[in-house]
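Dear colleague,

I am handing over the structure below, and my notes on it follow. Please read them with the coordinates open beside you.

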Amino acid sequence: MTTQQVGQPGAAPSAAAKKAPRRQESKDFIGASPWTPYLFMAPYLVLFVVFVVIPVVYGLWISLHSWDYLLPGKPWVGLENYVNLFTPGSTTSGPFWKSMEATGKYTLFSVPLLVVIPLLVALVLNQQFRGRTFFRGVFFAPYVLSIAVVGILWRFLLDPNVGLINYYLGQLGIGTIPWITALPWAWISLVGVTVWWTLGFNAVIYLAGLQDIPRDLYEAAAVDGANAWQRFLNITIPGLWPVLLFVVSITILREANMFGQSYIITQGAPGEETTTAIIYIAETGLRQFNMGAAAAMAYVLAFFLLLISIANFAFFRQRGD
Amino acid sequence: MGEGRSGLRGLTRQQFLALGAGAGAGLFVAGCGGGPQNNPAMQGAGGDGGKTYEGPKVELAFWNGFTGGDGPYMRELVEQFSSENKNINVKMNTVEWVDYYTTVPSAVRSGKGPDVGIMHSDQLGTNAARSVIIPLDDVAGALGLKESDFASLIWNAGMYNGNRYGIPLDSHPLGLYYNKALMEKAGLDPNKPPQTGDEYESALSEMKSAGIQGTWVSPFPFTGTLMWESLLWQFGGDLYDADVSKATFNSDAGVEALTWLVDLVKDGHSPKDVAQDAEYVAFQNGKNAFHWNGIWQINAFKEIEDLDWGVAPVPQIGDEKGVWSGSHNFVIMNQQPLDDNKVQASKVFINWISQRSIDWAKAGQIPARNSVRESQEFRSLEEQSTLAEQVDYVHFVPPEPGIGDVQVGSFDLAVNEAVLLRKEPKAALDEAVGKADQLLQENREKYQA
């Protein structure tokens with residue numbers, strides 16, 4: 001089960017609430033069997049039940065056992081997997097909370113950059129200039145690479161002793177920087193690589209949002225004497241509000257689920273400093289076959305993401321209305 | 001688990017279900033419960049243990065993790081086998097070792113796994129306990145394989161709980177690769193690699209005065225942990241006690257071994273902050289003079305044209321000789337329902353390859369069979385036979401179930417933090433032993449449940 005999907009139900013009520021008044025009319029419009037809407041939703045609903053609802057419930061069941069799918073005994077342990085996570089000194093609590101801390105730090109460092117920088121890029125790419133389409137492509141290009149390619153590429157570039165970046169810095173007389181083996185450099189590298197890799201995706205979403213804002217608003221404001229900054233604050237930002245909410249939400253969820261960058265570039269080192277929650281959960285569940293404990297951790301992580309998503313929506317709704 | 005938690009255990013599965021919360025899940029779980037017959041013992045009985053195969057034509061899926069220069073050698077052997085044995089067609093599939101040990105169990109469980117495969121000796125316990133592989137005592141018996149045919153350490157590495165689960169194919173110890181050009185540059189005899197602690201340290205200081213960092217120390221399992229394990233055994237220590245119930249690697253020997261490695265970094269014989277594989281790349285680029293790595297790298301280094309190198313046994317730094325080694329073993333998968341014909345054909349296949357392990361030795365391995373290791377043909381493989389001198393004092397990680405998880409959660413981390421100069425060796429190892437003991441305890445509960 002992915003935690004992203006667990007986060008989504010937070011979005012559903014607000015969307016449904018807004019559409020509520022229109023439901024009355026649509027009933028008259030269709031005028032056919034009351035089952036029709038459900039029939040249309042059925043294909044999605046089937047997928048949702050099979051790939052989300054059942055795994056979520058089954059995962060909860062697993063988390064209440066000491067569960068190795070190949071061992072004959074899968075003893076029931078009640079809430080022990082959860083209690084262990086909150087008991088200092090147990091085998092799972094130390095590494096798990098350390099990995100949660102790593103995930104939290106990484107999310108905190110990367111999300112602001114991934115919200116702001118793509119917006120700036122989108123604002124520039126929304127201007128009229130020669131080669132605009134080319135540059136849009138340039139900024140989006142890294143995003144089409146898989147994390148395996150990105151990770152291995154940057155691991156070679158960033159290697160402290162045999163990497164290209166330190167070689168050139170050395171030519172400039174700058175000493176060896178431990179890009180991927182010491183703090184805070186490892187975080188700087190991981191965040192930097194991620195910004196380079198994914199900023200194109202957020203920028204494209206912003207760009208679509210920018211193109212939806214009616215031109216005449218800007219023209220009217222310019223006639224009224226608003227300068228560029230005032231137009232940005234009073235037209236662009238309000239016009240982008242729903243897009244901003246979307247970008248912030250998916251960026252938080254995506255970065256909180258970070259796996260590949262740490263796994264490939266730093267191997268979770270130094271020590272366990274860059275071992276993210278997802279790495280530790282995967283390690284516990286899939287390599288140590290400790291599915292019960294891993295499932296419990298996934299629920300704890302999902303719970304935190306749910307809280308953050310709710311806070312996020314609450315903030316944007318309050319400020320948006 | 002602690003007494004205090006018994007209250008939580010007190011809520012039984014039935015009570016939980018009665019609460020209703022899991023009622024739906026319960027039905028679902030019941031639906032997919034069951035599982036394979038967990039009685040793998042002796043399903044192959046009735047056969048002759050793998051001398052011949054007379055049954056109908058079968059196709060065997062053979063999986064391994066030979067993704068490096070060793071893959072083509074194994075593939076060639078497999079093709080030769082298939083052409084000599086018309087009614088057994090072997091299909092080889094290669095998966096990276098890291099993924100192999102997660103993929104194979106689930107593939108076997110779903111009936112889509114291999115019939116026969118390769119596993120490292122320290123993985124046999126885990127996979128035997130999880131019923132992924134079946135005992136092969138009858139193969140050893142029928143083929144007349146005895147301990148005396150093998151180096152005894154390698155032979156015993158294939159045992160788990162009194163049963164034989166693996167037929168050893170090879171052993172692959174660590175060795176000392178040395179760069180001859182760098183040795184000349186430092187004024188050392190390029191044909192006389194250092195073999196004792198004193199020689200090693202004086203060679204390093206010659207290197208240092210020539211501006212060369214002699215031995216790069218990696219903070220990662222490959223190759224940092226392997227170096228530390230070898231040194232631990234050399235200083236007279238061990239990873240665990242005799243019945244693998246307690247970790248013992250924070251002994252004086254363990255601390256001395258780790259301190260020796262860390263001092264290489266502190267004294268400037270190794271750069272700080274060596275990243276994954278940097279020490280290996282640096283050896284190939286002529287920057288790292290003495291590189292401790294596995295025998296399986298022989299062919300990789302041979303392919304580099306400008307690299308003038310040699311290989312020697314790992315130097316004896318501590319009080320006795322000792323070196324880390326792994327061992328590849330043939331295993332037969334517990335693929336349900338077990339097909340007697342396929343099991344029999346697999347045994348024939350294992351026996352055939354095992355007897356031709358000289359060809360496998362060329363891939364950069366030491367054959368497990370004494371007869372092959374002592375043959376003239378093996379002696380003519382210069383690098384391999386040099387490293388085979390270590391065979392009497394190699395050490396293996398014990399094949400206890402879940403032992404790999406103990407390593408990942410304890411001394412791999414300690415070596416990492418100490419080599420990166422984040423923790424003192426003793427403090428790092430003391431902390432790791434605490435974790436290891438807990439993990440060993442959990443493994444006992446898990447695999448005996």
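Predicted model: local features only at pLDDT ≥ 70, side-chain atom pairs only at ≥ 80, totals over all residues.

Helix α12 of chain B covers residues 252-266 and reaches 20 Å from its first C-alpha to its last, which is close to the 21 Å expected at 1.5 Å a residue. Just after α12(B) comes G268(B), which takes a positive phi of about 80 degrees.

On the domains of chain B, the assignment gives domain 1 as 58-169 + 327-391 and domain 2 as 173-325 + 402-448. The centres of these two domains of chain B, taken over C-alpha atoms, are separated by 28 Å. Where they meet, 19 residues of domain 1 of chain B are in contact with 17 residues of domain 2 of chain B. On the domain 1 side, α6 (121-129) and α19 (382-388) of chain B each supply at least two residues, and the largest share, five residues, comes from α6(B). That side of domain 1 of chain B divides into four nonpolar, eleven polar and four charged residues.

The contact between the chains takes 37 residues from chain A and 44 residues from chain B. On the side of chain A that touches chain B, at least two residues each are supplied by α4 (36-62), α5 (80-85) and α14 (277-287) of chain A, with the largest share, five residues, coming from α4(A). The residues on this side of chain A divide into 23 nonpolar, nine polar and five charged.

Why does A140(B) count as buried? A140(B) has 20 other C-beta atoms within 10 Å, and a residue is buried if that number is 20 or more. Leaving aside residues up to four places away in sequence, A140(B) touches L145(B), R164(B) and I167(B). By contrast, A140(B) and W309(B), which are 169 residues apart in sequence, lie 39 Å apart in space, C-alpha to C-alpha.

With best regards

How values were computed
Residues numbered from 1 in each chain as written. Chains lettered and ligands numbered in written order. Contact = placed C-beta atoms within 7 Å. Helix = DSSP H or I, 4+ residues; strand = E, 2+ residues; numbered from the N terminus. Nonpolar A, V, L, I, M, F, W, Y, C, P; charged D, E, K, R; others polar. Expected span 1.5 Å × (residues − 1). Domains from an automatic or database assignment. Buried ≥ 20, exposed ≤ 12 C-beta atoms within 10 Å, placed from the backbone.
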